[in-house]
Amino acid sequence: MHHFDYIRGTLYAEGVSINEIAEAVGTPFYCYSSATLERHYNVFKSPFPADTLICYSVKANSNTSVIATLARQGAGADIVSVGELRRALAAGVPADRIVFSGVGKQPEELAEALDVGIYQFNVESEAELHALSDIADEKGVAAPVALRVNPDVDAKTHAKITTGRTQDKFGIPWAQAESLYALAGRLPGIQIVGIDVHIGSQITALDPFEAAFLRVVEMVGRLRKQGHDISRIDLGGGLGIPYKSGNTPPPHPDEYAALINRIVGDLKTQIIFEPGRLIAGNAGILVSRVIYTKENGERSFLILDAAMNDLIRPALYDAHHDIIAVDNSDPNLPLHTYDVVGPVCETADTFAKERALPPLKARDLVAFLSAGAYGAVQAGTYNTRPLIPEVLVRGDRFSVVRPRPSLDALLGLDVMAPWLEETAK
Ligand code: LLP
């Protein structure tokens, strides 16, 4: 469910016309809906016990206004870098609602997170456990730790976003988990508080979750017998969202919640989640203008002003995003088949092949749906294309929550090597 709908044949984000935003900020741009963000957060949270902590996975969309919108609903944050830590704090997420994930946390990052007093470190290796112990001990504090275990379950998602198999770099190998808990129990500066698991992203079936969570529950039983205080269970993120209209949608969050309440309900632990895509994915669109159309006899190309540097998911994961015309006053017009491409000099800069769309011409606007997660955050400046603006809508208001940098600002990031400035002798 989202709040991007046609009103009298033209696309709106909540109460704001996309045409109006395009006139004001230029194209391309990302546009997010506050009502959709809030709705997704609350739909996800409501079936769980009141003390459940939903740590929005900031990597999915780390615009501070997006994080702040969720923080005001009570969301915590799942972070993977000190940069994300500072964003979450700047957006008003209390430190005691922040969990720190990731395989390569650096000593300075661990130190800063300890200084601000985050809720939990999800530790992914023995080496990281030692590093955290040393730093916390030196500071005279105890780091609240959950070990991220790798349950060796295939999440059956795209190979580039599966994380819970033995061959993946994530988590502590299942067979080592108990000995690492024993070590954590002995190390100074470490306070064991729980266990953590995250098996991948865009997961569209419940059985991988079920298999992983059942294993984790068994592990909690063993750890408790060994005397560890496991009072929190962090089940990660990963529940998929619908990307393609007409396809069977992934399980509803209520079905996911029923499964979890059944599996972990008796453990008497606080439950933590780290959803990213489920909250932000369908709360954002990418709006782009047609530059040219081109026919080569065999195919029709729709050449847009957005490119793979703005939205890399199709190039990187063969991801499908529905594309719609912003103005579609006559939905009965016969559709035309386009290859939808950007201006970047790579064949990979193809958003969609043979996509049926209403007939479009230069200057028309299109919108990529489900672009709120892993869209703007994965953008780059390839082909010297500045990052594109982000716009947040709330009701009938909109605000540019990240402006478009000028080309001068982009060029100004480079520094000329001094020897190139010397006059030729
Ligand atoms: N927790 C951890 C430890 C994670 O690594 C991730 C995502 C999440 C939570 C949030 O997962 P979500 O609920 O969003 O599925 N760039 C890729 C997705 C990469 C996901 C990385 N980790 C894409 O565009 O599909």
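1. Start with the ligand: you'll find it sitting in the largest pocket. Keep in mind while you look around that this is a predicted model.

2. Who lines up around the ligand? The shell counts 19 residues, and the closest are Ser201, Glu274, Arg313, Tyr317 and Tyr374. Sorted by class, that shell holds nine polar, six charged and four nonpolar residues.

3. Ser201 places one 2.4 Å from an oxygen atom of the ligand, and Arg313 has one 2.6 Å from a ligand oxygen atom. For a nitrogen atom of the ligand, look at Asp78, where a polar side-chain atom lies 3.4 Å away. As for cover, the ligand taken alone exposes 590 Å², and the protein buries 91% of that.

4. Now zoom out to the whole chain. The chain is divided into domain 1, which takes in 4–30 + 281–411, and domain 2, which spans 34–280. Taken over C-alpha atoms, the centres of domain 1 and domain 2 are 32 Å apart.

5. How many residues of each domain are in contact with the other? On the domain 1 side there are 24, and these meet 26 residues of domain 2.

6. Back to the ligand, with the domains in mind. Which domains supply the shell around the ligand? Domain 1 and domain 2 each contribute at least three residues to that shell.

Conventions:
Residues are numbered from 1 along each chain as its sequence is written. This is a predicted model: local features need pLDDT of at least 70, side-chain atom pairs count only at pLDDT 80 or more; totals for chains, interfaces and linings use all residues. Side-chain values use heavy atoms; hydrogens and water are left out. A residue is near a molecule or strand if one of its heavy atoms lies within 4 Å of it. A polar contact is a pair of N or O atoms within 3.5 Å; within protein, one must be able to donate a hydrogen and the other to accept it, and residues adjacent in sequence count only if both atoms are side-chain atoms. Accessible areas come from the Shrake-Rupley method with a 1.4 Å probe; for residues, only the protein chains shown count as cover. On a 1 Å grid over the protein atoms alone, a cavity is a set of points where a 1.4 Å probe fits but cannot get out, and a pocket is an open set with protein on both sides within 12 Å along at least five of seven lines; lining residues have an atom within 4 Å of a point. A molecule sits in a cavity or pocket if more than half of its atoms lie within 2 Å of its grid points. Ala, Val, Leu, Ile, Met, Phe, Trp, Tyr, Cys and Pro count as nonpolar, Asp, Glu, Lys and Arg as charged, and the others, Gly among them, as polar. Domain bounds come from an automatic or database domain assignment. Contact means heavy atoms within 4.5 Å.
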